[in-house]
Structures are given as structure tokens and as C-alpha cells.
Amino acid sequence: MSLHCRGSAIFLTFLAVFFFAREATAQQPAPAASGARILLLPRRIVSGERATLAVLDVNGRLTPGVTVNFSNGDRLTTDVTGRALFVAPLNPGVIFGSIAGRTGRVATAILSASEAASASIEVSSTPRVASLTDRFEIFGKSFCGDADANQVTIAGQPAIVLASSPAALVVLPPSELQPGSAAVEVSCAKRHSSEFSATFVGLELEAALAPDTCYVCDVDSGKAMDPLMSFGGADKTYFSTGPNILGWGMAAAFGVKVARPDQPVVSVVGDGSFCFSGPQPLWSQARYRVPVMNIVLNNRSYNNERNRIWAFGGRQFKTGRDMTCYIGSPDVDYVKAAGAFGVEGEAVKEPGALKAAIGRAQRVIADGRPYLLDIHTQRDGIGAASTWHPVYSVADIRTRRV
Ligand SMILES: Cc1ncc(C[n+]2csc(CCOP(=O)(O)OP(=O)(O)O)c2C)c(N)n1
Ligand SMILES: [Mg+2]
């Protein structure tokens, strides 16, 4: 996904809050347990083996003294580091954890000891792209359940292991890490993984969105950004459809805001999807003062469609000519379209302009009005460079100038 990509770097938001998680362990006073919001539970734990969970507050700081309740009746309290070491239940299955007094719950699967057994560290799944400043997960075998017994290095620098089990690690990258591809290595108790690599990127949107944001996702290729954001459990709520049907997002965002007026609501649509559903819902947002942040991921393309079509290797692929999916001519002015329906907005043409634009959107929203950000993004995949489209003029086939 990318709100905006240039070269190999993807610019979105960045989760500044997690800098605090890193520093909280140093000299700042411990955050109050009442601020606890996010439960980090390894998504896989192993029957009868140790595991570590972590709790973060609304600012992303590790939070001590927080009670975590499990659906099997177990109860834990986070220690001075904002984490809690526990032994996984013996019966395989799924259990849920939740921060006492909060509604969100987080699932973890209990694997049997035989499923997770391995003499050496095996890494089975890692993100290809991860945020420079947010946590990411590594799945595999033979990690240490005590989070601090694991050593994870990224580009040779030590990362923090926030939560862990023999089957999963939740890792926060080192603060000095630079964007780009970096080698990752894991070791614990004299066991070592083979080296693998991930691309680390700076994110803008994620940092700007409060943990109680309702995120209404009606995009196609833009969905690639979802794994880089934090959803579920005690974090943001994600609204989407099962099958890939487009054109409902902005109207749905209206409904979500009506249902949850005290939570921030962000609607994300592709430029194609905007045209299927919009701009009428913007009129309703303006008419009924529905303060929603509308984001259009504008790559001037049915980007995923082109990738799907060209993947068959047919005539378009062979000629390099995109018959239908380039939609940048005429170039739709989404800010003007929003304005015509009574919604303010602006175009974001450079990654560096995104953070300030989100800030302006949030100020208008705080005043009770919707806002639209037309964020220019890259096309990617096969045929991304093609802006060719068939020239056909109905005017030219006329025999009378009527
Ligand atoms: C109602 C509807 N019409 C058509 C489609 C087929 N379709 C799937 S993706 C797509 C293009 C979407 O373009 P955009 O929203 O810009 O997404 P991008 O792939 O560029 O991210 C189309 C037409 C669909 N999924 N739903
Ligand atoms: Mg598009």
C-alpha cells in the first residue's frame, strides 16, 4: 500500500507514539494504568510454555500495573516494564485477552507443543514491509517466551521485543533505523535464526490517527497499507466488506459517524471507488455536518484491475497499452468535486505535505465539518507506466455539427 510512494520508500504516517514506548523504560515517570489502551498479545502461544504480553497506553507507552483478563478466567498484571510473563494454558484452542475495564479483546491461538517443536529457530512468516516506528510480528518456532531473552537485531542494531512466545514475537525496531531494506536476525538461548530482510518505511497516517479511530476502508490496491497499520483488539476499528465490492465507503462512513459521533471516522477510497460511490455522500456529510476525514488514494488508475487483466498476458500486456484502467485523462479534480458538494479539502501532491494536511483536516473536523484529502499516490505493478488510452471521439464521427 502506499499513500504515496517514491522509489522504494513509502510515505504514510509514522507512529510517533512508539518512540515513547522505547523511552518510557528510561527516565520518564511510568504512565498511569488508567491510560492503558492497547494489549499486545502474541497471536500464537504454545501449550504449557512461557509467553510475554505487553500493554501500551493511549500514547503508545508501556504501562505497568494494568490488569489483563483472559476468557479462561486467568488474570495478570503488567510489571514495571509494562509487560507480564505467563504460562500458556495447556488445552489447545483460542483464548481472548482484554484490558480490565475496556471493551476490546485480542485473540491468541494456543498451539500444541508438538506443532511448535523445533530444535533451532525457524522463521515462518515476517512482513515484507514494516513501519520504522511501529511494532511488527515475526512468526516461527523456538523463540523464547520471556521477551527479553530474545535478541533481535535489525541492520545490526538491537530491537525491543515487546511481546513473545515460542511461536511469535512482537518487535519494535531500533530508533536509529534508516528507511530501506534491512537484515533481521533473531536469537535466543544460543539458538539463531538465519538472516532475513524487510523493508522499513516511514508512515504518516498511522501516527495521526487516535487509537479509537473508525477506519472505513473502500479501496482496492490501497489495501496494501492495512498490514502496516494497527487494528483490532484495543486499537482502531476496521470497517470493510467481505467481497471486493467498491463504491459504498463514503456513505458507510456517514453511517459510522452517526453511530459513533464521539470517535474519529476516516473514510479511505480509491479514485475509482470515489467515482463509483461519490460524490453524493459528501453532500450528505455537508448537509448534516458529519465531521468525517475523507481520503482519496488517487493513483489515476484502476490499478489493481490493470494488474489483474495484464497478468493474463494478453494483447494489452504485449503492446504495453492500457485500454481502460488509466483514468488520469481527463484528470479528475476531487477537491473541486468535494467543493461543489459543500465539503472543503485539499490535494496532497508530495509525501512531505501529508502530515500538515492531515493536521488541517483534523482542525476542520474538530470544528464539526467534513474534509477531503486528495492524496496522489503511485501506480504499481504491471503496466503502471502506461498513460496511453484509446482515442475515440464521438464528435468526430458526426456528419452534422449538432
Ligand atoms: C461496484 C464495483 N464495480 C466494479 C468493480 C471492479 N473493480 C475492482 S477494482 C476496480 C478499480 C478500482 O479503482 P480504485 O478504487 O482507484 O482502486 P486502485 O486499484 O487504483 O487502488 C474495479 C472497477 C468492483 N469491485 N465493484
Ligand atoms: Mg485508483
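Modeller: Two residues are in contact if their C-beta atoms, placed from the backbone, lie within 7 Å. The model is predicted, so local features need pLDDT of at least 70 and side-chain atom pairs count only at pLDDT 80 or more, while totals for chains, interfaces and linings use all residues. Residues are numbered from 1 along each chain as its sequence is written, and chains are lettered from A and ligands numbered from 1 in the order in which they are written.

Colleague: Which residues is Phe-143 in contact with, leaving aside its neighbours within four places in sequence?

Modeller: They are Ile-121, Asn-150, Ser-164, Ser-165, Pro-166, Leu-169, Val-186 and Cys-188. Phe-143 itself sits in the loop between strand 13 (136-141) and strand 14 (150-154). Strands (E, at least two residues) and helices (H or I, at least four) are DSSP runs, numbered from the N terminus.

Colleague: Does Phe-143 count as buried or exposed?

Modeller: A residue is buried if 20 or more other C-beta atoms lie within 10 Å of its own, exposed if 12 or fewer, and partly exposed in between; the C-beta atoms are placed from the backbone. Phe-143 counts as buried because it has 34 C-beta neighbours inside 10 Å. Ser-393, in the segment after strand 25 (371-376), counts as exposed because it has 7 such neighbours inside 10 Å.

Colleague: How is a sheet described, and in what order do the six strands of the open sheet with parallel pairing lie?

Modeller: Two strands pair if DSSP finds at least two bridges between them. In this open sheet the order is 21-20-22-23-25-24. Strand 21 (237-239) and strand 24 (344-348) are the edge strands, each pairing on one side only. Strand 24 and strand 25 are joined in the parallel sense by five bridges, and Glu-344 stands opposite Tyr-371 in strand 25.

Colleague: Which strands does helix 10 touch?

Modeller: Helix 10 (residues 354-366) packs on the sheet and touches strand 23, strand 24 and strand 25; its direction makes about 165 degrees with that of strand 25. Such angles run from 0 to 180 degrees between N-to-C directions, and axes are lines fitted to C-alpha atoms, for helices over the stretch in contact.

Colleague: Finally, which residues come nearest to ligand 1?

Modeller: A residue is near a molecule if its C-beta atom, placed from the backbone, lies within 6 Å of it. Of the 19 residues around ligand 1, those that come nearest are Asp-220, Gly-270, Gly-272, Tyr-302 and Asn-303. Helix 5 and helix 7 (303-310) are the elements that give two or more residues to this shell, and helix 5 provides the largest share, four residues.
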